[in-house]
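I opened this notebook to keep track of what I looked up in one structure, entry by entry.

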Amino acid sequence: MNGAGRQLTDVRPVVFTAAVLLLAIMAARADDRAIISRWYSALLVADRTELADLLADDVRIKLDDLGVVQSKQEFIASLDEWKGAVAGAAIRHRIEKSEGGVTTVIACYDFPNNDMLMQETFAVSDNRITASSQAAIAETCEGY
């Protein structure tokens, strides 16, 4: 076997390993996208069961504009109030970027009497949201 043939043989395991890792990363990103889509669908109807399933037990949810950090239990307990606020609303979202297990989302909350543009981040591990933060970008969704 000449040198070129031997080199090709040596590279194949590396290329295969790189391809497998790339596919795993792409699958993880797809899973994160699915989790975030489930999040907004459940949030829109204040589905306690679905939201509780999506959140890790030790999650911290940071509402920057309010200066509040909620545990999973505190967040689930706040859903009664949220359910009234979100009645008749729509939530549109798009993923801006996803890297290092953190996904940044731009979300437009279209409430019946106003709308608000938000930047939200989600840390996802083992198919659960482990951390989330939310901050207002604008008082309207014109920039969405």
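**Entry 1, ground rules.** I noted that this is a predicted model, in which local features need pLDDT of at least 70 and side-chain atom pairs count only at pLDDT 80 or more, while totals for chains, interfaces and linings use all residues. Residues are numbered from 1 along each chain as its sequence is written, and side-chain values use heavy atoms, with hydrogens and water left out.

I looked up the secondary structure and found 4 helices and 6 strands, where helices (H or I, at least four residues) and strands (E, at least two) are DSSP runs numbered from the N terminus. Read along the sequence, they follow the pattern α-α-β-β-α-α-β-β-β-β. Of the 144 residues, 30% count as buried, a word that stands for under 20% relative accessible area, with exposed meaning over 50% and partly exposed in between (1.4 Å probe, protein chains only).

**Entry 3, strand partners.** Which strands does strand 1 pair with? I found strand 1 parallel to strand 6 over 5 bridges, and antiparallel to strand 2 (residues 68–70), to which 3 bridges join it; two strands pair if DSSP finds at least two bridges between them. L55 has I129 in strand 6 as its bridge partner, and L63 has V68 in strand 2. The hairpin of strand 1 and strand 2 has 4 residues between the strands, and there G67 takes a positive phi near 65°.

I next looked up the largest pocket, which has a volume of about 620 Å³. On a 1 Å grid over the protein atoms alone, a pocket is an open set of points where a 1.4 Å probe fits, with protein on both sides within 12 Å along at least five of seven lines, and lining residues have an atom within 4 Å of a point. Grid points are joined across faces, edges and corners, and the volume is the space filled by probe spheres set on the points. The lining has 23 residues, of which L63, L66, F75, W82 and Q134 lie nearest the centre of the pocket. Two or more lining residues come from each of helix 1 (3–44), strand 1 (55–63), helix 4 (79–86), strand 5 (115–125) and strand 6 (128–138), and helix 4 gives the largest share, 4 residues. By type I noted 13 nonpolar, 5 polar and 5 charged residues, where Ala, Val, Leu, Ile, Met, Phe, Trp, Tyr, Cys and Pro count as nonpolar, Asp, Glu, Lys and Arg as charged, and the others, Gly among them, as polar.

How many aromatic pairs does the structure hold? I found 6, taking rings of Phe, Tyr and Trp (its six-membered ring) as paired if their centres lie within 6.5 Å, with planes under 30 degrees apart counted as stacked, over 60 as edge-to-face and the rest as tilted. W39 and F75 are stacked, 5.5 Å centre to centre with 25° between the planes. W39 is in helix 1 and F75 in helix 3 (residues 72–77), 36 residues apart, and both are buried. W82 and Y109 form an edge-to-face pair, 6.2 Å centre to centre and 80° between the planes; W82 lies in helix 4 and Y109 in strand 4 (residues 102–110), so this pair ties together parts 27 residues apart in sequence. Ring pairs also link W39, Y40, F75 and F122 into a cluster.
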